[in-house]
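User: I want to check the labels used for this model against their cut-offs. Please take the terms one by one.

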Amino acid sequence: DVGAPPDFFWSEMEGNRGVYKRENLNVRWLSGTLDDVTPDHVNIAKCRLQLFDLVIVDTTYDAAVKEVICPLNNWQGLDEHGRCNGTQTPHHNAKKPDPLNETDSHFVGAWIERLRPSFELYDYARILSYLQLKDRGVKDIPELYEVPSYIETLSRFTNIQLNTPKESLVSLKNIDRFHPPKEFCDNLKKVWVSNADEVPYVNGIGTIGK
């Protein structure tokens, strides 16, 4: 047990400039950055995520499909897998050993740290997804009150145990902890809505052309 992690993601990120590289594809796609990821890029990605009509993450997928997607598209009835009739049932392969369990924990820990901006964005996406589903009247979802994904993943693969204070947990109660600055987002949204519609040029995975 090495004690509690820092209260704020930003204080650590500011001291590690150059650490967060281009692997963070989801942050780079939403922020539009071609270079190393900074706190501003993470906030830009969060602001853009706020503009989505519905954010769906792995933990809300079933409820979102059953309670929102099916009714929204007038799809009637569900099959035995709880999915809309006529949709394809995902094929599940036999469970294989996770290669990360056999990889040096120091290497895995460094890789997890490099992806920390992605974990931060994922946790915010979880909060937005739960909030949007609740606003749509969806009740069949468990309460969101979880350890940040970065800490959970680090503990699982490196055996580092961290105490997470209640105010740092991923929950609707702590939404202000994960929200980007409101004025920052408002200024960006004014620019975005004034831009002409344009389809970006994409060449390969995670490569955005101008």
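User: Why are H5 and H6 called oblique to each other?

Analyst: This is a predicted model, where local features need pLDDT of at least 70, side-chain atom pairs count only at pLDDT 80 or more, and totals for chains, interfaces and linings use all residues. Residues are numbered from 1 along each chain as its sequence is written, and side-chain values use heavy atoms, with hydrogens and water left out. The axes of H5 (residues 105–114) and H6 cross at roughly 60 degrees and come within 4 Å. Axes are lines fitted to C-alpha atoms, for helices over the stretch in contact, with angles from 0 to 180 degrees between N-to-C directions. Under 35 degrees is roughly parallel, over 145 roughly antiparallel, 65 to 115 roughly perpendicular, and the rest oblique. H5 and H6 are therefore oblique.

User: What makes the contact between H5 and H6?

Analyst: Ile112, Glu113 and Arg114 of H5 meet Arg116, Pro117 and Phe119 of H6. Contact means heavy atoms within 4.5 Å.

User: Why does Ser118 count as buried?

Analyst: Its relative accessibility is 12%. Buried means under 20% relative accessible area, exposed over 50%, partly exposed in between (1.4 Å probe, protein chains only). Ser118 therefore counts as buried. Ser118 lies in helix H6. Helices (H or I, at least four residues) and strands (E, at least two) are DSSP runs, numbered from the N terminus.

User: What joins the side chains of Ser118 and Asn24?

Analyst: A polar contact of 2.8 Å. The term covers a pair of N or O atoms within 3.5 Å; within protein, one must be able to donate a hydrogen and the other to accept it, and residues adjacent in sequence count only if both atoms are side-chain atoms. Leaving out residues up to four places away in sequence, Ser118 touches Asn24, Asn26 and Val27.

User: What makes up the largest nonpolar core?

Analyst: It has 25 residues, and Leu49 and Leu133 have the most contacts inside it. Such a core is a set of buried Ala, Val, Leu, Ile, Met, Phe, Trp, Tyr and Cys residues joined through side-chain atoms within 4.5 Å. Helices H2 (25–31), H3 (39–49), H4 (61–72), H6 (116–135) and H8 (175–178) each supply at least two of its residues. H6 gives the most, with 7 residues. A second, separate core of 8 residues includes Ile112, Phe119, Ile151 and Leu154.

User: Which residues does Leu133 touch, not counting those up to four places away in sequence?

Analyst: Leu54, Thr60, Ala64, Val68, Val138 and Ile141.
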